[in-house]
Amino acid sequence: MVVGVLALQGSFNEHIAALKRLGVKGVEIRKPDQLQNVSSLIIPGGESTTMARLAEYHNLFPALREFVKMGKPVWGTCAGLIFLANKAVGQKLGGQELVGGLDCTVHRNFFGSQIQSFEAELSVPALASQEGGPETFRGVFIRAPAVLDVGPDVDVLADYPVPSNKVLYSSSTVEIQEENAMPEKKVIVAVRQGNLLGTAFHPELTADTRWYIIF
């Protein structure tokens, strides 16, 4: 098994190190033809707009979409979750290109700017029942997105309670593109649909490897 890690920007080195601890080879992916040499792919966290521009520059989007359509396992963390979503709101003016595949709507920077980053214990019964271990997972949220809604084929693996009056948006350049994009009492932070996995947080920054095992 060889796992590709999109290495345009962001925490790709941390993902490769986590894979190595599990005895799995991770390789950096920067060009479309490199996807032919891997059986699965991780799209890491980072600055989603920058990653999208670099992916467009390297003509990666067609190859990434084909990789997803072929049914190969793909896991998006934080910015990677935004990439995999069919729809994203709260984007910077002009938006960004998406890979798509996950039937969900993601809000970019839902939890606020870099200084509103936080850690939280998440209830993860589905993860615990499949992989064992504790019923909670320490989620590291860094300028994190959140899933606002999901389609019927998407399994929700974790959510997080958010008071609707306490949500902060990162800057005046962020615009809410839909009236129904306002936060609910709970927002979804981990989903799975077939071979696609998405987490709004950063498992590569913890010692708990269960998300890698499930992937």
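Which side chain meets Arg108 in a salt bridge? The partner is Glu47, with 2.7 Å from N to O. A salt bridge here is a side-chain nitrogen of Lys or Arg within 4 Å of a carboxyl oxygen of Asp or Glu. Before going on, a word on what you're looking at: this is a predicted model, in which local features need a pLDDT of at least 70 and side-chain atom pairs count only at pLDDT 80 or more, while totals for chains, interfaces and linings use all residues. Residues are numbered from 1 along each chain as its sequence is written, and side-chain values use heavy atoms, with hydrogens and water left out.

How far can you trust it? The pLDDT is the predictor's confidence in each residue, from 0 to 100. The chain averages 88, and 87% of the residues score at least 70. Residues 165-179 fall below 50, although in the model this stretch has 30 contacts beyond near neighbours in sequence (a contact being heavy atoms within 4.5 Å). Where pLDDT is low, the predicted coordinates should not be read in detail.

Back to Glu47. It sits in the loop between β3 and α2, while Arg108 is in the loop between β6 (102-107) and β7 (118-123), 61 residues apart. Helices (H or I, at least four residues) and strands (E, at least two) are DSSP runs, numbered from the N terminus. Arg108 is buried at 2% relative accessible area, and Glu47 counts as buried at 13%; buried means under 20%, exposed over 50% and partly exposed in between, using a 1.4 Å probe and protein chains only. Glu47 also meets Arg143 in a salt bridge, at 4.0 Å from N to O. Arg143 lies in the loop between β8 and β9 (146-150), so this pair ties together parts that are 96 residues apart in sequence. Together, Glu47, Arg108 and Arg143 are linked in a network of salt bridges.

Follow the chain into α2 (residues 48-57), where Ser48, Thr49, Met51, Ala52 and Ala55 are buried. They cover an arc of only 160° around the axis, which puts them on the same side of α2; the arc is that of the directions from the helix axis to the C-beta atoms. Arg53 and Tyr57, on the other side, are exposed. The buried residues of α2 pack against β1 (2-6), β3 (40-43), α3 (61-69) and α4 (79-84). After the helix comes Asn59, with a positive phi near 55°.

Next along is α3, whose buried residues are Phe61, Leu64, Phe67 and Val68. Their arc is only 125° around the axis, which puts them on the same side of α3. Among the elements they pack against are α2, β4 (74-77) and β12 (196-199).

Finally, look at the aromatic rings. The structure holds 14 aromatic pairs, counted when rings of Phe, Tyr and Trp (its six-membered ring) have centres within 6.5 Å; planes under 30 degrees apart are stacked, over 60 edge-to-face and the rest tilted. Phe137 and Trp211 have ring centres 6.0 Å apart and planes at 90°, so the pair is edge-to-face. Phe137 lies in β8 (136-141) and Trp211 in α6 (210-214), so the pair ties together parts 74 residues apart in sequence. Both rings belong to a cluster linked by ring pairs, which also includes Phe111 and Phe118.
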